[in-house]
Amino acid sequence: MKSLQGQTALITGASSGIGAALAREFARRGANLVLLARNRGRLESVRNQCANLGAGDIRLLEADLTDYPVLDALVPTLEGRLDYLVLNAGISQRSLALETDESVDRRVMEVDFFAPVHLAKALHAAGKWDHDTHIAATSSISGLFGFPQRSAYCAAKHALKGYFEALQLETGMKVTLLFPGRINTPISLSALEGDGKAHGQMDPGQAGGMDADRCARKCVDGIVRGRRQVRVGGKEMLACFAYKWFPGLFFRLAGKVSAV
Ligand SMILES: NC(=O)c1ccc[n+]([C@@H]2O[C@H](COP(=O)([O-])OP(=O)(O)OC[C@H]3O[C@@H](n4cnc5c(N)ncnc54)[C@H](OP(=O)(O)O)[C@@H]3O)[C@@H](O)[C@H]2O)c1
């Protein structure tokens, strides 16, 4: 395991699920951490876990990623330069495209696409990262092809992939796109339904997904090895193969897979 002692990683969405697991994985490698999310209590619990695992300095940023004035005020308070910027926070969706209010489409795009782009630009403008920083962004298997009841989510995750691939091409810097399949996290609880209400249920597909710490280990391994993409999950990842090589089969079957 490569040591990241003395290196600093900022991780968004670090209060729960994959982000908390990524924080623990960076901690095991001795990194300094800047952990961002809205929920202070959950951030503090992740901080304690990371401290016990061997993290260096840990700073918590309690902020809504879509509250840009608050975010812009926080950015200059960060000390030093980031070695890793992990744009992971996100929300999902549980609603048919034509039954989804446009405000929900926009909210999912705001959290999952515009907010990470805003944060990356604000940090760059403040000199907090440069060409030698490694950026990782959590897209999704839904960022590789369409999936039912995820129209806005798929759109946002495709957008994230396109944006950060373009940035990589323009700058030549290291960018790793993470494409998790179904990971066992509470993401379905906060997923938005068509009217904007939280889904509020732990979906069976989610509960049966890969363990978040296992997912994070594979992601961080891929990041430190400089991989352009990390695809991680269970048998659902076979859909990537079907989409590429047997698109007819993919389009016959994917619409029938349970979306929850
Ligand atoms: N679980 C999966 O199967 C799966 C699969 C593919 C991709 N992903 C992606 O992985 C990432 C992490 O998801 P997860 O499964 O770990 O879900 P999760 O457990 O619900 O975690 C989501 C994280 O994002 C943060 N967040 C959400 N909205 C935010 C906002 N407006 N401002 C700041 N932070 C915000 C949450 O923190 P607070 O609530 O404390 O703000 C939380 O830490 C997401 O981008 C998701 O799309 C997940």
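**Entry 1: α1 and α2**

I began with the pair α1 and helix α2 (residues 40–53), whose axes come within 8 Å and cross at roughly 25°. This is a predicted model, so I read every value here as computed. Angles under 35 degrees count as roughly parallel, and α1 and α2 are therefore roughly parallel to each other. I also noted the hand: α1 passes α2 in a right-handed crossing.

**Entry 2: α1 and α8**

Next I stayed with α1 and looked up helix α8 (residues 212–224). The axes of α1 and α8 come within 8 Å and cross at roughly 55°. That makes α1 and α8 oblique to each other. I wrote down right-handed for the way α1 passes α8.

**Entry 3: α4 and α5**

How do the axes of α4 and α5 cross, and within what distance do they come? I got roughly 20° for the angle, with the axes coming within 7 Å. α4 and α5 are therefore roughly parallel to each other. Their crossing is right-handed.

**Entry 4: who surrounds the ligand**

Then I turned to the ligand. I found 31 residues surrounding the ligand, and the closest are S16, R38, N88, Y153 and T185. I sorted the shell by type and got 12 nonpolar residues, 13 polar ones and six charged ones.

**Entry 5: polar contacts and cover**

Which atoms of S16, G17 and K157 lie by oxygen atoms of the ligand? For S16, I found a side-chain N or O atom 2.5 Å from a ligand oxygen. For G17, a backbone N or O atom lies 3.5 Å from an oxygen of the ligand. For K157, a polar side-chain atom lies 2.8 Å from a ligand oxygen.

Last, I asked which elements give two or more residues to the shell around the ligand. They are α1 (17–28), α4 (102–125) and α5 (151–171).

Methods. Residues are numbered from 1 along each chain as its sequence is written. This is a predicted model: local features need pLDDT of at least 70, side-chain atom pairs count only at pLDDT 80 or more; totals for chains, interfaces and linings use all residues. Side-chain values use heavy atoms; hydrogens and water are left out. A residue is near a molecule or strand if one of its heavy atoms lies within 4 Å of it. A polar contact is a pair of N or O atoms within 3.5 Å; within protein, one must be able to donate a hydrogen and the other to accept it, and residues adjacent in sequence count only if both atoms are side-chain atoms. Helices (H or I, at least four residues) and strands (E, at least two) are DSSP runs, numbered from the N terminus. Ala, Val, Leu, Ile, Met, Phe, Trp, Tyr, Cys and Pro count as nonpolar, Asp, Glu, Lys and Arg as charged, and the others, Gly among them, as polar. Axes are lines fitted to C-alpha atoms, for helices over the stretch in contact, and angles run from 0 to 180 degrees between N-to-C directions. Angles under 35 degrees count as roughly parallel, over 145 as roughly antiparallel, 65 to 115 as roughly perpendicular and the rest as oblique. A crossing is left-handed if the near helix is turned anticlockwise from the far one by less than a right angle, and right-handed if clockwise.
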